[in-house]
Amino acid sequence: MLAARPIARLDNKRRAVLDPRKRQFAKSQWQEQSYEHAMNFYNLPPTGDIALEQFEEWGIARLKVLAELESCQFRNRTAEETSTYMKPILDKYLRLDQNSSRSTEHELQRKRDHYSHWTLRLAFSATEELRKRFARLETQLFRLRLNQNDARERREFIQSLNMSWETVSDDEKARLLDELKSATGVYKNEEESWFKVDWENVPELVEQRKVLLKMGKAFVHMREQTSMVVGEFSRQLEAGLELAARALPRMDEDNRLSPILTHLSKSFASPDSQYNADASSISDTTVITANMIDALASHFPLCMQSLHRELRKNSHLKHFARLQYTLFLKGIGLDMNECIVFWRKSFKLMTDDKFKKEYLYNIRHAYGDVGGDSNRRGRGYTPYSCQKLITDVPSSGQSHGCPYRWFSPDNLMGLLQATGVSDREVLKSVKEDVTKTRYHIACNRVFEYQHRNEIKKVKDNSLWPQSELDTITHPNTYFKRSFLLKNLNKFQNGDIGVDGPSQDSQG
């Protein structure tokens with residue numbers, strides 16, 4: 001045996017010399033932070049404690065906000081339209097009350113905002129594409145909030161930033177006043193302030209010719225102060241994302257956080273959406289039977305229309321395609337017995353005995369009728385969200401998943417044209433969305449094209465709240481919204497009720 005080595009002891013002088021990389025951890029500084037302003041540059045990571053559930057839930061909530069903001073951009077909404085559209089979404093998922101409000105939730109709201117930003121910063125630092133996309137959307141969110149902020153509180157927040165600009169002195173302003181006016185188009189008030197900053201810090205204003213350039217400096221009028229702040233926010237965020245990317249490998253050592261961050265980064269393709277029966281089923285207005293599915297298929301999203309077409313063509317679907325389609329039919333309100341009838345009629349080329357032995361159990365299991373106590377308590381599986389279909393890779397010969405993600409461009413365009421999408425500009429935009437991995441945006445674009453007249457009527461007459469027209473992130477939501485829009489007049493006239501639609505309304 002080897003003799004035990006004596007424990008080496010460090011003298012006090014050597015002990016005091018710390019590795020610079022570890023110095024920040026030499027003294028514990030984990031504590032709750034206070035938030036003086038509603039706005040935040042997110043320069044410092046949060047240092048308090050939160051539950052793991054909050055870490056994920058807050059990240060998902062922020063992700064939904066960013067997804068809706070991105071959809072506004074792809075739909076070419078103006079700044080005013082975006083602000084109006086985003087207000088209820090921000091209030092729901094990421095509310096930030098100002099200091100002047102009587103809210104008692106200031107600290108919790110700002111903590112949630114701070115932590116959720118850093119959660120997503122970690123999740124989207126892995127690749128350059130994700131970093132650029134995250135920085136762009138966070139900058140848009142920052143600009144939106146800054147513009148919506150109360151003028152006094154916005155001014156106080158900007159003053160707290162210690163920005164690198166310099167106020168132009170009265171003497172210099174008087175000397176350059178004519179040039180300032182000519183370059184910026186500000187002629188009215190000579191008493192207003194101007195700022196001087198390195199021109200590289202305001203490239204957006206230089207491009208728009210809203211500043212005077214002189215000796216490497218950009219002279220900016222105070223009305224452009226918001227653009228300067230937003231530009232600085234964007235630069236600091238991009239630099240912070242680069243640092244986060246370097247630290248990311250160490251996160252893999254924590255088996256609690258790594259799965260959450262992976263899940264969130266995948267959700268950037270399409271926001272995760274929990275199944276909501278009220279937002280998916282039409283069983284409260286219409287009793288659905290197996291015989292109605294062919295007629296209702298015109299309201300299905302492309303992923304389910306594709307499966308329905310294959311089923312009718314081949315009288316069969318493979319296992320994962322059957323499960324995807326069964327859960328979708330369950331979600332729209334088809335009960336288990338009618339679902340069994342639907343599949344038995346669809347599999348018309350096989351015997352009753354083969355159907356009962358090889359397929360009946362799986363249908364009952366999906367509905368929670370068999371399969372153990374946990375399955376019955378949970379009432380079976382829930383219908384798949386868009387995120388599930390986008391990230392679930394089908395193997396060769398399989399037909400499940402999201403067509404926008406997994407179909408070849410030619411097959412996708414052919415399928416869209418077969419479902420009535422003939423507009424060349426729409427098809428071109430869909431192809432661009434798919435190329436840039438904006439799969440759920442492509443699906444929403446098709447929905448809005450196919451329902452453009454009904455959506456216009458709903459908006460013009462304020463028939464639905466804005467929340468009912470949010471970006472679709474679940475196939476079952478797609479179905480219900482399509483059904484309600486296409487039957488809008490019949491619902492208003494009372495032609496569709498709890499006893500189901502008339503023969504005319506089934507199409």
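## Arginine 110

Arginine 110 counts as buried because its relative accessibility is 2%; buried means under 20% relative accessible area, exposed over 50%, and partly exposed in between, with a 1.4 Å probe and protein chains only. The residue sits in helix α4 (residues 106-123). Helices here are DSSP runs of H or I with at least four residues, numbered from the N terminus.

The model is predicted: local features need pLDDT of at least 70, side-chain atom pairs count only at pLDDT 80 or more, and totals for chains, interfaces and linings use all residues. Residues are numbered from 1 along each chain as its sequence is written, and side-chain values use heavy atoms, with hydrogens and water left out.

Leaving aside neighbours within four places in sequence, arginine 110 is in contact (heavy atoms within 4.5 Å) with Tyr35, Glu36, His37, Ala38, Leu96, Asp97, Gln98 and Asn99. Aspartate 97 lies 13 residues from arginine 110 along the chain, and their C-alpha atoms are separated by 8.7 Å.

## Glutamate 68

Glutamate 68 belongs to helix α2 (residues 52-74). It counts as buried because its relative accessibility is 10%. Not counting residues up to four places away in sequence, glutamate 68 touches Tyr85, Met86, Ile89, Asp470 and Thr471.

## Nonpolar cores

A nonpolar core is a set of buried Ala, Val, Leu, Ile, Met, Phe, Trp, Tyr and Cys residues joined through side-chain atoms within 4.5 Å. The largest has 60 residues, of which Phe300, Tyr325, Trp343, Tyr404, Leu416 and Val430 touch the most other members. Helix α22 (residues 439-450) gives the most to this core, with 6 residues. Apart from this core lies another, of 48 residues, including Leu63, Val197, Val211 and Leu264.

Outside the four places on either side in sequence, tyrosine 404 is in contact with Leu302, Leu412, Leu416, Val430, Val434, Tyr439, Ala442, Cys443 and Val446.

## Helix α24

Helix α24 (residues 475-486) has 12 residues, which at 1.5 Å a residue should span 16 Å; its end C-alpha atoms are 17 Å apart, which agrees. The expected span is 1.5 Å times one less than the number of residues.

The helix is mostly covered, with 10 of its 12 residues buried. Among the buried residues of α24 are Pro475, Asn476, Lys480, Arg481 and Leu485.

Technical notes. Helix = DSSP H or I, 4+ residues; strand = E, 2+ residues; numbered from the N terminus.
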